[in-house]
Amino acid sequence: MLPSRSITTAWILTLNCCFLFLIFSESKVPQEEVDVLQQIAKTMGATYLNFDADSCRIEEVGVRVKPRGWYENIVECDRGIGGDEFNHITKIVLKGLSLPGVLPPELVKLPNIRQIDFAYNYLTGRIPVEWATKQLTNISVLVNRLSGGIPKELGNITSLLYLNLEGNQFSRTVPSELGKLIYMETLILSSNQLVGEVPTSFSELINLTDFRINDNNFSGQIPDFIQNWKQLTKLEMHATGLEGPIPSNISLLNKLTDLRISDIGGPAQAFPPLSDNMGLVTLVLRNCSLSGELPVYIWAMKDLHTLDVTFNKLVGGIPNNISARSMLKFVFLTGNMLSGVIPDSILKDGINVDLSYNNFTSQGPDQHACQQNMNLYVNLYKSSAAASPLRRILPCTEDFACPRYGCSLHVNCGGNDFTVKEGGREVNYEGDAGVDGGSARYFSTSTNFWGLSSTGDFMDDNNDQNARFIESTPSKSLSELYNNARMSPLSLTYFRYCLENGSYNVSLEFAEITFTNDSTYTSLGRRVFDIYIQEKLVWKDFNIVNEADGVQKPVLRHFNTSVTDNTLEIRFYWAGKGTTRIPVRGNYGPLISAISLKPTFKSCSEEDKKSVTVYVIVGVVAICIFLLVMSILWWKGYLQCKKRQRKDLEGMELQTVSFTLKQIKAATSNFDASNKIGEGGFGAVYKGRLSDGISVAVKQLSHQSRQGNREFLNEIGMISCLQHPNLVKLHGCCIEGTELLLVYEYLENNSLARALFNPEKSQLILDWPTRFKICVGIAKGLAYLHEESSLKIVHRDIKATNVLLDKDLNPKISDFGLARLTEDEKTHISTRVAGTIGYMAPEYALWGYLSYKADVYSFGIVLLEIVSGKNNNSYAPSDNFICLLDWACHLLQNGIIEELVDDKLGSRFSKAEAERIIKVALLCTSATPSLRPLMSEAVGMLEGKREVPDDIPEASTYTDDLRFKALKDFQREKQNQSASSNQAQLASIQTASDLCEYNPESRSD
């Protein structure tokens, strides 16, 4: 019996094992889903995918570029979810692989898919609308190259809990349909190009816990309806484009632990009420126009780890009863008007406190805040209201006096001491690699009288030690000067003291060494910051990659400045723009490779530094006055163009880089005809390459030019003071012998006029997004000239010929030979008319009344040319119309404005954007100057941040206004000239004289 029972038991066990084997063998992923997974991988750009259907596990993904460091490839399955015995795919993670394909529409073939994470790839295209048919819960496409609008169909995925679109190129407005996602908990839209207002439908997202919209181009005010998001724990709004004030009802969000708002416009406001938000761990309210006192209850927040209220207008002091049990690790109070004594209670062990740029009581070397070797960082740079500028930048010192005054500065930022050859002599760049990091760091050297101040914490990098303030790369293509750089998460200041007063040229050297130059997600980073010199903004939204035309390429920028109190300050500020998660989290902020300073009023050698002589700069002042008088005399027409005047320019010390004729000839192969890229009234333009490899455009004054000297002086004087992404950059000039030469940056795609009106020559394709970008870029350049630059300038010759295009088809305004300075208190100035017929405002062309509104008018004409692809002066569809503007007014009046759009675009353009541009153009070309907008207003209207009036003034009465009088007179005169050969010969002489009154050196083609 026992053997029989054993046999029976054995058979039962065998059958059970077989049954279990059958069950588990049937639990593998269905072949159809495996095939779909393979399709998804192929669509995303993987070369192959090895997947184990039995274990529901990705074994390997074939990629074109080996992943840098970490990556994830995960598939999760759920058995029985489909009502059968199979494992069904519910989650796909292909992350950090730099896959170069597109998002897969095939995803919808997976019946039970719920979560997808395709972050940190190199995907292009758009989000497939097919996804809207699935009940997804999690979507992440963080850090890719996706573009276009966010599909409104995503609003149909009512099951969605998590949506992360950060770090892409999404544009247009956010669809209101997303407000239907009432179960949404996390919505992240940061670092895109989104415009318009935050949809009011978002008031329905009552289950939000995490909302981030940093680094976008939104418009309007921060919405009041955020009060509905009662479950919110994290809110981020850095550089969103939204304006203040911060709604007072933010106090209702009592579950907030992380609140970050920065760089918003709008009126001054009191500190928002946060007394009911005592659970805050991170509080950032930076550059929000806050005024009044910092509430005392802030210091009583027991869990507060980071407090950043920098660059506001807060007053009052710091209480002396901050609890020793406080969790505060980072306190940034930089850039306010705080005063009083610095209390010992804030100087607790392990804390980082930045009090720079305030009005606190001056600290002596014996006071607690000045003690060395403490386990804390305290930055007191310019923290006191001391009367002496020297005491402000040298805190904790008493009775310091400069032993000598120097006239130069050379710093290898983030690197070691390094010697380079410049101008035939060796120059030592002093390194600051030995200066460690720190969120509130101050350093100064008493030997060469310079130092630095660094503020801020790289947030979200999970590193409170803050040792990552120096970036290094072992690149062989860069000199040692660029292999290292100093970074800062918020504000970085370099200063020089004991400096001779006078005029200086500041040279800033950059190279982007953090991002890569390949087809991986690490190449998608975007670093944007502002540059201040002597507390004046000299470059807003500086982007190293854009300026250098790539990563790991050096770029040098020069700035003129003046020193009046023996101190110089250069500050770099992160205004919340750019990516923050590439290549890893917490990577952003300004980066600088090297700084040098040279005087323009004298030569500066090593011996000069040892001298205590105070140099007189009367000669420089005299030269400046002489140049100014010469320019005025030329403008008034009192001086005639003679050869001796060209010689008068030789030997002058112009405040720009001076090239020798030998250098220019070497760069252009002795002005070889094959290097000639253009010809204008001023003279010929040649392409050249300097000895350091930089491509340039050399503008050579024609020996026969009647206006050359005046324009030459004017152009140097104007453009050497200007720095803006949409203005052409002047590298320097050459005055030698009979040659007058201007050396500009080389712009690969010639002029906008060539691209629009001569497509057979340029071979450029200006699609609609490019045309729109060009419109906005020109507007921003003019807004800078009129309103943002320290010199308020009227260009006087805005036209498509004077707009150049770089390799990425970004517009840059050029040719400042006719530019004029304006005075704020004067509505206009009366002047000799100069410009181009067809682009000149009527009040200027007819009566010589010049104001910045003349440029606005010209800009309006250029807008019409960009949209239509037609030249204002040469295009008329019939004898009933005299020019393009005439026709545009007719089309608007008859409600068929879209007929103006270039036929070459077909239907591939945004009708709404086209209508907006045309209406702005017609508003800018109003016959009455007061009806024309400011250029900053025009920028806002083009970007959709301001409303464009529905009714354009004077559009219905355009036939009788003065806008076409000058053009009609000009055309009538040309017709009269062709009546007879004798009359033509006689008239040509008169015409030449008349044209000189408009612009002797300007042509419209």
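**Exercise 1.** In which loop does Pro-245 lie?

*Solution.* This is a predicted model, in which local features need pLDDT of at least 70, side-chain atom pairs count only at pLDDT 80 or more, and totals for chains, interfaces and linings use all residues. Residues are numbered from 1 along each chain as its sequence is written, and side-chain values use heavy atoms, with hydrogens and water left out. Strands (E, at least two residues) and helices (H or I, at least four) are DSSP runs, numbered from the N terminus. Pro-245 lies in the loop between β14 (234–238) and β15 (258–262).

**Exercise 2.** Determine whether Cys-56 is buried or exposed.

*Solution.* First, locate Cys-56: the loop between β1 (48–52) and β2 (57–62) contains this residue. Next, consider the backbone: Cys-56 is not a glycine, yet has a positive phi of about 50 degrees. Finally, apply the cut-offs: buried means under 20% relative accessible area, exposed over 50%, and partly exposed in between (1.4 Å probe, protein chains only). Cys-56 has 9% relative accessibility and therefore counts as buried.

**Exercise 3.** Explain why helix α16 is largely enclosed by the rest of the structure.

*Solution.* Helix α16 spans residues 884–893; eight of its ten residues are buried, so the helix is largely enclosed. Among these buried residues are Leu-884, Trp-887 and Leu-891. The buried residues of α16 pack against α15 (852–868) and α17 (911–924), where contact means heavy atoms within 4.5 Å. Just after α16, Gly-895 takes a positive phi of about 70 degrees.
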